[in-house]
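Here are my notes on the model you sent over. Have the structure open while you read, and go through the points in order.

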Amino acid sequence: SSSRPRVPGRGRPSPSPAPLRFGRHPPSFPLWPERWAGMSFADNLTKIVADKKAEQSDRERVATKWSGYESKLLDKAAELFKQRCMREAEAQRCEATISFEVLSREIEDFPKRILTDSTYFVDTWGDGLSAESWFYATRGPTASWSPGAPVLFAEVLQGMLPKFVDRVKALGFTTCSHEAGTWKVSVSWPSPDEPAHKKRRGSEGV
């Protein structure tokens, strides 16, 4: 009689799953933390969500410290800008170009810079603030902060510049623009010799 073809593996027991192997040293972390003992897996997931939400709330509170401080710095910068424009007006000029970076040097409470390898980094933040507060205020509470990471001073200025320009625009200038690639903000205001209808039209366009 003809023999049936043999099916490979038939009659043999299924191989058992290979046991977890960690080499000579077991993992340094617990596979099931003690704080989860007695909890179901779903309960553990709920706790993870709650912990992350609490962490995010803490970061948001840290971020508000910089946001409030930044607003005060911008107000001071706007006041200095107005003073510069008044000097230009007293010199019978109807326009001004002023650097936000230069103004920042005149604000005593502004974060201080330090030169390292031809690059300016933030040295001190002022008023008990930290880089962490600035980071979460600018990147959001879900971003990952690396403690001790240096912060470029230019990055701080760049984040504040659009808000500063908005404050300047609110002052009612005929024109207001930021010169791309610089810290300079240029403004103009009506000349006393300019017809009244042009002055009104310029003010309405701001």
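This is a predicted model: local features need pLDDT of at least 70, side-chain atom pairs count only at pLDDT 80 or more; totals for chains, interfaces and linings use all residues.

What share of the contacts in the chain with a separation of 6 or more comes from residues 24 or more positions apart? The share is 58%, where contact means heavy atoms within 4.5 Å.

1. Ground rules. Residues are numbered from 1 along each chain as its sequence is written, and side-chain values use heavy atoms, with hydrogens and water left out.

2. Overall layout. The chain has five helices and five strands, and from the N terminus on they run α-β-α-β-β-α-α-β-β-α. Helices (H or I, at least four residues) and strands (E, at least two) are DSSP runs, numbered from the N terminus. Of the 206 residues, 26% are buried; buried means under 20% relative accessible area, exposed over 50%, and partly exposed in between (1.4 Å probe, protein chains only). The chain exposes about 14600 Å², with carbon and sulfur atoms supplying 53% of it; these areas come from the Shrake-Rupley method with a 1.4 Å probe, and for residues only the protein chains shown count as cover.

3. The core. The largest nonpolar core has 38 residues, and W66, F81, W125, F164, V185 and V187 have the most contacts inside it. By nonpolar core I mean a set of buried Ala, Val, Leu, Ile, Met, Phe, Trp, Tyr and Cys residues joined through side-chain atoms within 4.5 Å. Elements giving two or more residues to this core include helix 1 (41-90), helix 4 (153-169) and strand 5 (184-188). Helix 1 gives the largest share, nine residues.

4. W125 and helix 3. Take a look at W125: leaving aside neighbours within four places in sequence, W125 is in contact with W66, Y69, D109, P111, S130, A131, W134, V151 and V156. A131 and W134 are also among the buried residues of helix 3, along with S133, F135 and Y136. The buried residues of helix 3 pack against helix 1 and helix 4. Just after helix 3, G140 takes a positive phi of about 100 degrees.

5. Helix 1. Just after helix 1, Q92 has a positive phi of about 65 degrees.

6. F41, L45 and I48 make a nonpolar surface patch of about 280 Å². Patches are made of residues with over 30% relative accessible area and no salt bridge: like charges are joined within 9 Å, nonpolar side chains (Val, Leu, Ile, Met, Phe, Trp, Tyr) within 5 Å. L45 is partly exposed, with a relative accessible area of 40%. K76, found in helix 1, is partly exposed at 37% and is in contact with I107 and D109, leaving aside neighbours within four places in sequence.

7. Salt bridges. There are nine, each a side-chain nitrogen of Lys or Arg within 4 Å of a carboxyl oxygen of Asp or Glu. K82 and E79 pair at 3.1 Å, N to O; both lie in helix 1, three residues apart, about one turn of the helix. E88 forms a salt bridge with R93, the closest N and O atoms being 2.6 Å apart.

8. E101 and R105 meet in a salt bridge (2.7 Å, N to O). E101 is buried, with a relative accessible area of 11%, whereas R105 is exposed at 59%. Salt bridges that share partners join E101, R105 and R113 into one network.

9. W183. This residue sits in the loop between strand 4 (175-178) and strand 5. W183 and E101 are 82 residues apart in sequence and 5.9 Å apart in space, C-alpha to C-alpha.

10. One loop to check. D117 and S118 lie in the loop between strand 2 and strand 3. Phi is positive in both, near 50 degrees for D117 and near 70 degrees for S118.
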